[in-house]
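Good morning, and thank you for the time.

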Amino acid sequence: MSAKKFTILIIPEGSHRVRRLSIKRGVLQTVLGTLVVCGLGVLLLVADYVRTNLDSNELQRLQAENRSQQKDLWVLSASLEDLRKEMVVLSQNDAKVRVMAQLSKPRTDSLAGVGGPPEEDIPTEFTALQQQIDEIRQAIDLRRESQEEIQGFLNDQRSLLAAKPKGWPVKGWLTSNFGMRNSPFTGRLKMHEGLDIAARTGTPVYASADGIVSQSETAPGYGKLVVIDHGYGYKTYYAHNSKIFVKVGQRVKRGDQVAAVGNTGSSTGSHLHYEVRRNGVPLNPHKYI
Ligand SMILES: [Zn+2]
């Protein structure tokens, strides 16, 4: 473009006059340049508008997502709170059982008190939820420990119950009580350390509790003697038998026949001499019938 001036012809249709516009080169350049700059400006504006619009959509989407997650967290937190309350009830029941079993108080856990915080205080922050989960886990561990201890206690009780002598070891009639009496042999006052139960020779003699036979022999005074060790310090003695049906080391259950009534040893007639001892001390068998 080396010309200094340009002429633009505007030719209308029909018989109207042709118009001509003379423009200097500099003016044309300025006009063209302005047009280009304006066009670019419009383009930038449009681009910015589109981007802002996109950003705003994304923001709305994220906000909606955030609200939904917040709601999920709240639901989760509420469920945790329910769990915590249930654990509190379990803890209280556990404490009651321990009182009944006369066990020591359980170690205190962090789930003290019932109810917990009012609903608006339910924490929804991640760390708070984590802490709540930790507390519940700790409480569960404590309950498990306690339950095991109670279980052990109940097992012990059951064993003790099975080990404690109970009932009559023979069907017969009581002829001599536990306590001081005049010896039928010497006439002198002597401690009678058991019960004498008269019965026909051959009448079955039964173990009065579960245990292990610790003696099965003829012993001075006692005659044919069976001793059963029941554990927990308890032993029972069955003396003057005519026959013995168990061996040392044999395990017996309450009600098992261990011997037959007789008149062996220092005895003045067919009867069973029955003793209950705890840690070697003779007890009144009447209290164990
Ligand atoms: Zn006796």
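Let us begin with V205, which, neighbours within four places in sequence set aside, is in contact with P169, V170, Y238, N241, D256, Q257, V258, A259, A260, V261 and L272; contact means heavy atoms within 4.5 Å. Please note that this is a predicted model, in which local features need pLDDT of at least 70, side-chain atom pairs count only at pLDDT 80 or more, and totals for chains, interfaces and linings use all residues. Residues are numbered from 1 along each chain as its sequence is written, and side-chain values use heavy atoms, with hydrogens and water left out.

V205 belongs to the largest nonpolar core, of 20 residues, and is listed with V170, V226, I228, Y238, V252 and V258 among those with the most contacts inside it. Such a core is a set of buried Ala, Val, Leu, Ile, Met, Phe, Trp, Tyr and Cys residues joined through side-chain atoms within 4.5 Å; buried means under 20% relative accessible area, with a 1.4 Å probe and protein chains only.

I turn now to the metal site. The zinc ion has the protein donors H192 (NE2), D196 (OD) and H273 (ND1), 2.0 to 2.2 Å away. Donors are N, O and S atoms within 2.8 Å of the metal (3.2 Å for Na, K and Ca), and sites may look incomplete because water is not among the atoms. Along the chain, the donor spacing reads H-x3-D-x76-H. H192 counts as buried because its relative accessibility is 4%, and D196 is likewise buried, at 7%.

Finally, the domain assignment, which is automatic or from a database, gives domain 1 (5-63), domain 2 (74-163) and domain 3 (173-288). The centres of domain 1 and domain 3, over C-alpha atoms, are 125 Å apart.

Notes. Buried < 20%, exposed > 50% of the residue type's maximum accessible area, 1.4 Å probe, protein only.
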